[in-house]
Amino acid sequence: MSNDWRPTASLGALKSRAAMLAAARGFFAERGVLEVETPVLSAAAVSDPQIESLATRVAGIAAPLYLCTSPEHAMKRLLAAGSGDIYQICKVFRDAERGRWHNPEFTLLEWYRLGFDDVALMSEVEALIRVLLAPHRKLQPAERLSYSAALQRHAGVDSQHAGERDLTEAARSHGIVCQADLDRDAKLDLLMALVVGPRLGIERPCFICDYPASQAALARLKPGPPPVAARFELYLDGVELANGFHELRQSGEQRDRFAQDLKLRHARGQLQPPLDERLLAALAAGLPDCAGVALGVDRLAAIALAAPRLADAMAFTIDNA
């Protein structure tokens, strides 16, 4: 008889995970941050070319609905409606993500703080993970490193001036040969994912900040030269844990970015998802000045347990769901 009915994580790991979630809720309760819930299904889907949504059908609704890849859009609608500081712990879904540190269904902790910029939010993220990891390990003060400095230090690449051929040669020098026809940002992503990221946060947490303007997503831009995105990511033990922004508030600029995303998706032969017009309407109505971040709960739990894979911190993965 098969044993694939059994959980992939031990009961001890699941208890540690539950304690971590309780500690997170306590952290935000002490700071007066409201816990909210938003829909898992949406009429719109993310436009980011690096992320693919999963779709489903609901009786009586002609168009497909999309499982959320992040609660970001819905939470920003709450912010625009006057919710104040909010957080959410929820399931999210992303297609084509399956592996040692990926599962198509996973848990995010996402929160938004009014009056914060990306610098202030990095400090709160560090405070939170220090609390959540306290039963397991003591963290050294976090390092903050710009995107360009990280690429230079760990990949030997000048991310601001290197041409596409330079990036290809840098990847090859690190043993990476990719036959796909990648654009410049995709080549930078390849270096970050396979060369730089695994070297980050080994001795202490590491925040990578000031991303290229072309990778701003939903973050505002800081004045240059060169202009950079008010965006950061957190790494620990070579694993990316969180992605945060000083949020863009201009509806028109966000629409233009969505259009650029769709143009790139078309060039890559990807699906063209419907844009979130309700998010754009919320931005037009007035999003308060805020910063937000999404943190991967499963990955943080795995790191707390010193587990070698995500499955050791989840009750079930896609392979035995």
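**Helix α9, the cores and a helix pair**

Just past helix α9, A306 adopts a positive phi of about 55°. Helices here are DSSP runs of H or I with at least four residues, strands are E runs of at least two, and both are numbered from the N terminus. The model is a predicted one, so local features need pLDDT of at least 70 and side-chain atom pairs count only at pLDDT 80 or more, while totals for chains, interfaces and linings use all residues. Residues are numbered from 1 along each chain as its sequence is written, and side-chain values use heavy atoms, with hydrogens and water left out.

Back to α9 itself (residues 297–304): eight of its eight residues are buried, so the helix is largely enclosed by the rest of the structure. Buried means under 20% relative accessible area, exposed over 50%, and partly exposed in between, with a 1.4 Å probe and protein chains only. The buried set includes V297, L300 and I303, and also the charged pair D298 and R299. Its packing partners are α1 (11–30), α3, and the strands β6 (105–114), β10 (228–236), β11 (239–246) and β12 (290–296), with contact taken as heavy atoms within 4.5 Å.

L300 turns up again in the largest nonpolar core, which has 42 residues; it is among those touching the most other members, along with F28, L109, W111, L121, V125 and F232. Such a core is a set of buried Ala, Val, Leu, Ile, Met, Phe, Trp, Tyr and Cys residues joined through side-chain atoms within 4.5 Å. Helix α3 (residues 118–133) gives the most to this core, seven residues in total. Leaving out residues up to four places away in sequence, V125 touches W111, F207, F232, L234 and V293. Another core lies apart from this one, with 23 residues that include A162, M192, L200 and Y211.

Then there is the pairing of α2 (residues 72–80) with α8 (residues 277–286), whose axes come within 9 Å and cross at roughly 30°. Axes are lines fitted to C-alpha atoms over the stretch in contact, with angles from 0 to 180 degrees between N-to-C directions. The two helices are therefore roughly parallel (under 35 degrees; over 145 is roughly antiparallel, 65 to 115 roughly perpendicular and the rest oblique). H73, K76, R77 and A80 of α2 meet R278, L279, A282 and G286 of α8.

Finally, D48 sits in the loop between β2 (41–42) and β3 (54–56) and is partly exposed, at 24% relative accessible area. Beyond its neighbours within four places in sequence, D48 contacts D261 and R265.
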